[in-house]
Amino acid sequence: MRIDGYRYTWRLPLIVWQALFFIGPLMLMVAMSFWLVRNYRMTPDFVFDNWDRMMSRSFFWDAYEVTLVRACVAAVLATLIAFPASYALAFKVSDTVRRWAIFLLVVPFFTSYLVRIYAWQVLLAESGPINAVLGFGGIGPFSMLNSGFGTMVGYMTLVLPLVIILQTTSLAGIDRNLIEAAWNLGASPVRTLFRVIIPAAKVGLIIGAVFAFILSFGDFVSPFYLGGSKPPTLSILIIDTTKSGQQWPLAAVVAIMMIVTLFVVAVAAVGAAYGRRRS
Amino acid sequence: MRRTGGAEADGAGRGGVLLYLAIVFAFVFAPIITSMIFSFNSDRFPTVPLGEFTTHWYETAFSRPEVWEAMQNSLIVALTAATLSTALGFATAYTDYRYNFRFKSAYIALALLPPTIPLVIMGLAMLAWLARLGISGTLTGIIIAHTVMAAPFAMAICRLRLSQMDPALEAAAWNLGASQWRAMRSVVVPFCLPAIVSAFCLTAAVSFDEFVVAWFVSGLNKTVPVVILEILQGNVDPQINAIGTFVFLTSMTLVVVAQLLITRRRKA
C-alpha cells in the first residue's frame with residue numbers, strides 16, 4: 001500500500017510548526033537557563049549558576065509569593081463575583097438573552113486589554129471621574145492606583161468575561177429536572193444551590209477559577225500600570241531581567257518556575273474537577 | 001419555566017440578580033466606553049464634569065508617522081498570521097475529526113496548549129529562538145509568534161463546525177467516485193467555509209491586539225499595540241484613547257463578524 005499523502009498533508013503541518021516555533025523556543029529557554037553568562041555574553045553550557053543566583057535572592061521569593069497570592073485571590077474573587085451573574089444568565093433570563101450576553105462577553109476577551117487598563121488608570125486616578133463622583137457624595141478621594149486594589153481591578157477586567165462564560169455554560173447545562181426534584185422534595189433555595197447546583201456545575205466552576213489563576217498569574221499589565229509594580233510580580237521580573245541586556249538565562253529561570261507552578265496548579269485543579277465525585 | 005415556592009420572593013430575587021448582572025456588565029464594558037468618550041474630551045486628565053468636545057487627540061495621534069507605520073505593520077502581520085493560523089487550525093481540526101491514531105491526545109494537547117503559556121514567557125522564548133534564527137526584530141518573527149498563539153482558536157472554531165457535519169457526507173462523495181482531494185474541495189471546504197472565514201477574523205483580531213510577544217520580538221518594526229505600550233510608558237496621554245478607540249473598533253468588528261458567522265448557521 002502506498003503512503004497516504006492526503007492524510008499526512010493534514011496531520012503534519014501542526015507537528016512541524018509546533019516543533020519549530022512552539023516546542024523549540026520553550027526547549028531553548030529551558031536549555032538557556034543552564035548557560036553561562038560572562039561579561040554580558042551567553043555561552044552554551046550546563047551550569048547551575050543562574051539557578052543558584054535566582055533561587056538565593058529574596059526578591060525572587062518575594063515576587064513569587066506576591067504573584068501566587070494575588071493570582072489565588074483573583075481566582076477566588078473572580079469565581080465569587082462571576083457566580084451570581086452566571087446564575088442569573090443560566091436561570092433567570094431567556095435563551096436568547098443568554099446567547100446575546102455570551103456573545104457580548106466574548107468581545108472584550110479579544111479586545112485590547114492594554115487600552116482597557118489605560119482607561120482604568122484614568123478612571124481610578126486621584127482626581128479622576130470615580131473620585132469626582134464620590135466627591136459629590138462627600139466621600140473620598142481614595143487613592144486606588146498603585147495598590148493591590150488597582151491590580152485586582154485589572155485582573156477582574158482581564159478574567160471576568162471568560163469566567164462568566166465558562167460558569168454560565170456549565171450552569172445552563174444542568175438538568176433542570178434535578179433542580180425541580182430538589183424543590184419538590186422541599187429543599188430550600190440555599191440548600192438546592194449548595195447541594196445540587198454547585199456540585200453539578202463543579203467542573204465549570206473549577207475550570208473558570210483555573211483560567212482566572214493562569215491569566216492573572218502571567219499578566220504583567222495590571223500589576224505594572226495599576227499596581228505600580230511594587231512589589232514586582234514574576235512577569236515584571238521577567239521583563240526587567242530580559243530588557244536589561246543579556247540576562248536572558250536569569251529570566252528563563254523565572255519563566256520555568258512559573259510554568260512549573262502553573263502546571264502543578266492545573267493538574268491539581270483538573271484532579272479536583274474530575275476526580276472523586278461525591279454522590 | 002420553574003415557578004415553585006414563594007413567587008413573590010422569587011420575583012424580588014430575580015430583580016436583584018438582574019441588577020447585579022447589569023453591574024457586572026457595566027464593570028466589564030466601562031473601560032471600553034470611557035476610553036471612547038475620553039478620546040473626544042479636551043481634558044488631558046479627564047474627570048467629571050467632562051471638558052469640551054474635541055478631535056484634537058485624533059489629529060495629533062494620526063499625524064504621527066510612527067502610528068501610520070505601525071498600522072501598516074499591524075495590517076501585514078494580522079493578515080498573514082490569520083491566513084497561516086487558519087490553515088494550520090483547519091488542517092488540525094480536520095485531522096482530529098477524521099482520523100484516529102496513536103498519541104492523538106498528545107497531538108491535540110500540542111495544538112491547544114499555546115494560549116495557556118503566559119505571554120511574557122512566550123515573549124522571552126520567542127525572542128531567544130528568533131534571535132538564534134536571525135529573524136528577531138522582523139515582521140516575519142512577529143507573524144510566526146502570532147500564528148503559534150492564534151492557531152488554537154482557529155482549530156477550535158473549525159472543529160466545532162466539523163462536528164456538525166455528517167460523516168456520511170464525505171463518504172457519499174467518495175462513493176460517487178470523487179477522490180479524497182475532490183471531496184475535500186467540493187464537500188468539506190464549502191461546508192466549513194463560514195467557520196474558516198470566522199477563524200480568519202478571530203485570529204486576525206488576536207494578532208491585531210497582541211502586544212506582549214510583539215513587544216519582545218518587534219525591535220524597530222512595531223505594531224499598533226506596541227506603539228500604544230510605548231506611549232503608555234511615558235505619561236498620561238489621551239492620544240492613547242484615540243488610537244485605542246480605533247483598535248477597539250477594528251478588533252470588535254472582527255470578533256463580532258467571527259461570532260455571527262458561526263452562530264447564525266447553528267440555528268438553521
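A residue is buried if 20 or more other C-beta atoms lie within 10 Å of its own, exposed if 12 or fewer, and partly exposed in between, with C-beta atoms placed from the backbone. This is a predicted model, in which local features need pLDDT of at least 70 and side-chain atom pairs count only at pLDDT 80 or more, while totals for chains, interfaces and linings use all residues. Residues are numbered from 1 along each chain as its sequence is written, and chains are lettered from A and ligands numbered from 1 in the order in which they are written.

**View 1. N146(A) in a loop of chain A.** N146(A) sits in the loop between α6 (129-136) and α7 (148-172) of chain A; helices (H or I, at least four residues) and strands (E, at least two) are DSSP runs, numbered from the N terminus. Its phi is positive, at about 55°, although N146(A) is not a glycine. Most residues other than glycine have a negative phi. N146(A) counts as partly exposed because it has 15 C-beta neighbours inside 10 Å.

**View 2. F103(B) in a loop of chain B.** The loop between α3 (65-98) and α4 (104-112) of chain B holds F103(B). F103(B), a residue other than glycine, has a positive phi near 60°. Because F103(B) has 9 C-beta neighbours inside 10 Å, it counts as exposed.

**View 3. M165(B) and P238(B).** M165(B) belongs to the loop between α6 (139-162) and α7 (167-175) of chain B. With 14 other C-beta atoms within 10 Å, M165(B) is partly exposed. From M165(B) to P238(B) there are 73 residues in sequence and 49 Å in space, C-alpha to C-alpha.

**View 4. The contact between chain A and chain B.** In this contact, 66 residues of chain A meet 63 residues of chain B; two residues are in contact if their C-beta atoms, placed from the backbone, lie within 7 Å. On the side of chain A that touches chain B, helix α1 (residues 5-32) of chain A gives the most, with 16 residues. That side of chain A consists of 50 nonpolar, 10 polar and six charged residues. Here Ala, Val, Leu, Ile, Met, Phe, Trp, Tyr, Cys and Pro count as nonpolar, Asp, Glu, Lys and Arg as charged, and the others, Gly among them, as polar.

**View 5. L124(B) in the largest nonpolar core.** A nonpolar core is a set of buried Ala, Val, Leu, Ile, Met, Phe, Trp, Tyr and Cys residues joined through C-beta atoms within 7 Å. The largest one has 163 residues, and V159(A), L124(B) and L202(B) have the most contacts inside it. Leaving out residues up to four places away in sequence, L124(B) touches several residues, including M29(A), I238(A), W248(A) and F216(B).

**View 6. The two domains of chain B.** Chain B is divided into domain 1 (7-56) and domain 2 (64-267), with bounds from an automatic or database domain assignment. Seven residues from domain 1 of chain B and seven residues from domain 2 of chain B take part in the contact. The side of domain 1 of chain B that touches domain 2 of chain B has four nonpolar, two polar and one charged residues. The C-alpha centres of domain 1 of chain B and domain 2 of chain B are 31 Å apart.
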